[in-house]
Number of protein chains: 2
Amino acid sequence: MTEQRTVVGMIDGLGMTYFKPEAMPYTTTLAKSAFFKQVSAVFPSVTNVNNVSICCGEWPENHGIIANSYFDTEANEPAYMNAAELIRVPTMFQRAAQQGKKSALLTSKRKTIELLSPGTEIAVAAECPTEELIEKFGQPGDIYSCEINFWLWQVALDILKNRPDISVIYVHTTDYPMHMWPPEDPTSVNHLQEVDRLISQVAEVAPDAALFLTADHGMNVKTRAWDLRRVMIGQGLEPRFVLSPERDYYIKHHRNLAGCSYIWLNSPDEETRAREILNAVDGVEDILSHDAACERFHLAKEHVGDLVALADQTSMFGDLEVEFEELAANYRNHGSLYEMEVPLLIHNYIGELPAADNFTVNKDLTTFLYR
Amino acid sequence: MTEQRTVVGMIDGLGMTYFKPEAMPYTTTLAKSAFFKQVSAVFPSVTNVNNVSICCGEWPENHGIIANSYFDTEANEPAYMNAAELIRVPTMFQRAAQQGKKSALLTSKRKTIELLSPGTEIAVAAECPTEELIEKFGQPGDIYSCEINFWLWQVALDILKNRPDISVIYVHTTDYPMHMWPPEDPTSVNHLQEVDRLISQVAEVAPDAALFLTADHGMNVKTRAWDLRRVMIGQGLEPRFVLSPERDYYIKHHRNLAGCSYIWLNSPDEETRAREILNAVDGVEDILSHDAACERFHLAKEHVGDLVALADQTSMFGDLEVEFEELAANYRNHGSLYEMEVPLLIHNYIGELPAADNFTVNKDLTTFLYR
């Protein structure tokens with residue numbers, strides 16, 4: 001256990017293709033002298049699964065969160081998975097609190113607060129700023145802006161400056177810029193340069209603090225989408241349920257697509273036929289059984305479907321109004337095995353780090369803190 | 001002045017094409033017995049201009065809000081127009097408060113609270129619900145959902161039931177469903193049927209209350225977009241500034257388009273050439289001078305450009321990365337003169353209404369309340 005303050009930056013969508021010297025000169029240079037590894041995200045490569053994994057330092061099989069929703073097999077309907085009560089292990093904020101240490105959770109999205117605020121002393125969602133924060137830092141950018149991330153880091157720097165009693169500051173930005181622009185686009189470069197510049201100020205404002213950085217997933221161009229439920233029905237086999245890990249409780253047009261899918265069957269006998277149908281879908285790269293998926297990805301068994309379909313790099317699965325759709329040019333998204341490469345960086349940590357072999361997944365970043 | 005409670009429903013995006021018996025059986029039937037007229041929206045047909053006009057019962061020339069941003073000619077840059085201080089006349093909430101009456105403002109969006117909450121006793125943004133509201137009504141739907149509107153009306157019905165001290169309840173839903181689906185689409189029909197059913201409960205829960213209904217704008221399919229600044233530069237005439245009324249303080253890709261545009265020139269001498277260039281743009285239907293636009297639409301003179309370009313029904317203007325873009329299929333938006341037809345309904349009002357001739361614009365709905 002350490003007395004040192006820690007800033008944990010979880011840069012949503014910062015896959016390795018975005019973590020480049022041109023866009024992030026400070027942190028990529030730091031990577032050469034600090035502890036740095038390219039690591040894997042947690043599957044599926046969607047935000048809340050990885051956010052919870054990083055905040056707990058645990059696999060989904062332990063913390064229980066495997067998507068935005070889960071299929072409640074008893075009620076036979078999907079249920080929203082964005083509630084703190086569903087997390088089965090303490091987060092690092094709760095672990096810190098047990099040791100009398102205070103945490104601050106800064107995030108772009110309100111729903112992250114619902115999921116992860118227990119145990120924190122300060123919880124800020126830039127989407128819903130208080131009057132006090134607006135007076136001090138101005139209006140944050142819209143939830144769909146680059147500026148909201150700058151605002152969030154400014155709040156973090158202010159806490160570092162004026163609240164030395166806060167031991168852990170977790171800064172979770174939004175991946176809106178990565179959804180909108182490829183790494184080489186000037187807008188993306190500008191966005192990350194400013195984030196990088198703000199991160200560089202951590203060392204000025206709080207030279208004593210350790211800097212931890214990672215990401216939840218990368219981002220790729222996607223060109224096509226399948227509704228696997230409709231595909232299966234079209235082939236005469238209605239599945240019990242098909243869940244996109246990005247599926248929100250409320251169905252929204254084109255917002256629930258991901259690069260993988262959980263599929264529940266009405267009977268185990270149907271597995272062979274289901275695999276035949278799914279294997280014939282051009283964008284399906286692999287189909288895992290429930291047990292194989294849980295073992296390989298350390299998922300929570302009771303929430304995973306009978307089958308897990310994995311998409312190729314350019315395909316998405318989710319609820320559509322047709323079986324198949326071409327996606328708009330420049331459509332960028334994640335959720336597949338192709339968005340799993342993320343950076344992990346630890347700088348200025350005065351304690352003894354676990355051996356480098358222990359860092360292979362983004363969730364390893366904070367596993368050893370406040371144990 | 002009346003002691004009667006009033007529910008004002010401002011159904012964002014409910015143009016006359018959406019106000020149909022199939023989707024809204026209760027309110028369209030009510031329209032036959034209640035006071036009902038098809039009226040005009042306030043120009044430009046964007047939300048905050050109309051929201052402020054309806055809440056004040058005044059034209060923009062009096063209240064001052066003519067867009068989401070305005071061009072600060074002294075600072076020579078755009079500034080955000082979503083601040084209550086910019087409204088120059090009292091809202092009906094402030095008028096009611098002056099008479100000792102309490103108001104509730106229920107809206108989907110946080111920014112509406114910033115703009116319109118002064119004078120209210122209760123201000124709820126479904127985007128940022130309090131813990132107390134979440135406990136009582138569950139999680140509201142996402143800001144991009146139909147369900148957020150249902151949640152909002154449930155809160156309204158609860159206030160009617162349990163807070164008889166609240167004299168005015170203003171319910172401002174979101175037009176996300178109208179942006180997504182045409183009137184005949186089953187999802188749109190379902191959305192409006194549920195809104196209609198919730199509105200019908202006002203009479204059950206509060207038979208004493210008056211029901212007022214209107215909308216801010218309609219919605220049309222748009223097929224193409226021009227960046228008029230780039231068009232003018234391409235023709236050798238750089239304008240001083242071009243402002244889309246939907247332009248937010250932060251520039252967002254494809255989110256600032258509207259069916260009209262304010263254009264500032266560097267010199268009055270350039271007007272003839274500017275008109276030539278703009279007239280040659282296929283989607284420009286009309287170009288008004290500053291004075292003509294202010295007179296016709298009752299706009300605040302100091303915030304309007306030297307020219308106002310009006311789009312045809314299928315064209316949008318705004319900041320793009322190119323001069324011209326085809327829009328995606330099913331792209332739906334507003335802001336032009338073609339989204340100005342909205343319903344105005346008053347039911348169960350026990351006072352004496354102004355003569356029918358006084359109701360020609362949506363902002364006339366509440367002009368006479370708390371005067």
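A disulfide is counted here when two cysteine sulfur atoms lie within 2.5 Å. The model is predicted, and the values that follow are computed from it.

Select A:Cys294 first. Why is the sulfur of A:Cys294 too far for a bond? The closest cysteine sulfur, in A:Cys260, is 13 Å away, which is too far for a bond. A:Cys294 is also buried, at 2% relative accessibility.

Now select A:Cys128 together with B:Cys128. A disulfide joins these residues, with an S to S distance of 1.8 Å, and over all chains the structure holds one disulfide. The link is left-handed, with -90° about the S-S bond. A:Cys128 sits in the loop between strand E6 (122-125) and helix H6 (131-137) of chain A, and B:Cys128 in the loop between strand E6 (122-125) and helix H6 (131-137) of chain B, so the pair joins two chains. B:Cys128 counts as buried, at 19% relative accessibility.

Finally, select A:Ala209, in the loop between helix H9 (186-205) and strand E8 (210-214) of chain A. Is A:Ala209 buried or exposed? At 4% relative accessibility, A:Ala209 is buried. Beyond its neighbours within four places in sequence, A:Ala209 is in contact with A:Gln4, A:Arg5, A:Val7, A:Leu160 and A:Asn348.

Definitions and conventions:
Residues numbered from 1 in each chain as written. Chains lettered and ligands numbered in written order. Predicted model: local features only at pLDDT ≥ 70, side-chain atom pairs only at ≥ 80, totals over all residues. Heavy atoms only, no water. Helix = DSSP H or I, 4+ residues; strand = E, 2+ residues; numbered from the N terminus. Buried < 20%, exposed > 50% of the residue type's maximum accessible area, 1.4 Å probe, protein only. Contact = heavy atoms within 4.5 Å.
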